[in-house]
Amino acid sequence: MRWGSYPMVGKNDLENYTFCTYCSKPKPPRAHHCRSCKMCVLDMDHHCPFIGNCVGASNHHAFVIFLISVVISCSYAAGMTIYSSYRIWPPLDFENLASTRRSMGYIKMLIEIIGTLASSAFFLSARGFVTVYLAFASLSVNAGIGVLLFQQLSYIYEGNTYLNRLSSPNVMHGERGLQNLIRFFGCPYSVSRVLSGYSNTGKLQDNSSSKLL
């Protein structure tokens, strides 16, 4: 190997680095080794089986935008299918329920409503069954992805990742605040500066009040 052809590591360039026994390479801080991808991922959040890849520093922004688009799409699909199901559903007969609602309890009233809906469902067409199924599927997917999106946004707000939260739940890996979300979604520098200044002002007020106490 010729002299100067191999990149040299400068002094203190590997400070706070650890050694990955799987990759046999230095591992930077906030990096984790993924056994599925067989490599160390910087700021690794988790390995997503649906995209077949790790979610880390290079694609975390695109992953969160993908979750937001899924929630918006599923909300639109759920709204359209629920409205279509309401228009397609056969007319319901609640005459017995209206006549005896004062004498029966809430549980019996609920059972009567479910029975009426189930009996009218036999008169649905094939298109109606598909529409109702799509409504339930859209609501289910929207609920699951919405919980995942809320979890991701809360970790970004805390300046943390999912794996770091699991490995050290009581350790803060960064400053929490709204400026983390602004910086993550790439808002203008002026907005980030105003928010960071606002958060620093709040911290100074908290410190001064604690000193007075």
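Two strands pair if DSSP finds at least two bridges between them. Strands (E, at least two residues) and helices (H or I, at least four) are DSSP runs, numbered from the N terminus. The notes below use these terms.

This is a predicted model: local features need pLDDT of at least 70, side-chain atom pairs count only at pLDDT 80 or more, and totals for chains, interfaces and linings use all residues. Residues are numbered from 1 along each chain as its sequence is written, and side-chain values use heavy atoms, with hydrogens and water left out.

1. Overall layout. The chain has seven helices and six strands. Along the sequence the pattern reads β-β-β-β-β-β-α-α-α-α-α-α-α. Of the 213 residues in the chain, 26% are buried. Buried means under 20% relative accessible area, exposed over 50%, and partly exposed in between (1.4 Å probe, protein chains only).

2. Strand β3 covers residues 31–34 and strand β4 covers residues 39–42. The two pair in the antiparallel sense, over four bridges. Ala31 has Leu42 in β4 as its bridge partner. Four residues separate the strands of this hairpin. One of the turn residues, Lys38, has a positive phi of about 60°.

3. Val41. This residue sits in strand β4. Is Val41 buried or exposed? Val41 is buried, at a relative accessible area of 14%. Val41 and Gly56 are 15 residues apart in sequence, yet their C-alpha atoms are 6.2 Å apart in space.

4. Cysteines. How many disulfides does the structure hold? The structure holds zero disulfides. A disulfide is a covalent bond between the sulfur atoms of two cysteines. Here the term is applied to a pair of cysteine sulfur atoms within 2.5 Å. The closest cysteine sulfur to that of Cys34 belongs to Cys54, 3.1 Å away, and this is too far for a bond. Cys37 is in no disulfide either: its nearest cysteine sulfur, that of Cys54, is 3.4 Å away. Cys34 is buried, with a relative accessible area of 4%. Cys37 counts as partly exposed, at 24%.

5. Helix packing. Two packed helices are described by the angle between their axes and the distance between the axes. Helix α1 spans residues 60–88 and helix α4 spans residues 126–158. Their axes come within 7 Å and cross at roughly 150°. Axes are lines fitted to C-alpha atoms, for helices over the stretch in contact, and angles run from 0 to 180 degrees between N-to-C directions. The pair is therefore roughly antiparallel. Angles over 145 degrees count as such, those under 35 as roughly parallel, 65 to 115 as roughly perpendicular and the rest as oblique.

6. Handedness and contact. The α1–α4 crossing is left-handed, meaning that the near helix is turned anticlockwise from the far one by less than a right angle. The contact residues divide into 21 nonpolar, eleven polar and one charged. Ala, Val, Leu, Ile, Met, Phe, Trp, Tyr, Cys and Pro count as nonpolar, Asp, Glu, Lys and Arg as charged, and the others, Gly among them, as polar.

7. Two residues of α4. Asn142 lies in helix α4 and is buried, at 17% relative accessibility. Asn142 and Ala78 are 64 residues apart in sequence and 8.5 Å apart, C-alpha to C-alpha. Phe150 is also in helix α4, but is exposed, with a relative accessible area of 64%. Phe150 and Ile68 are 82 residues apart along the chain, with 9.9 Å between their C-alpha atoms.
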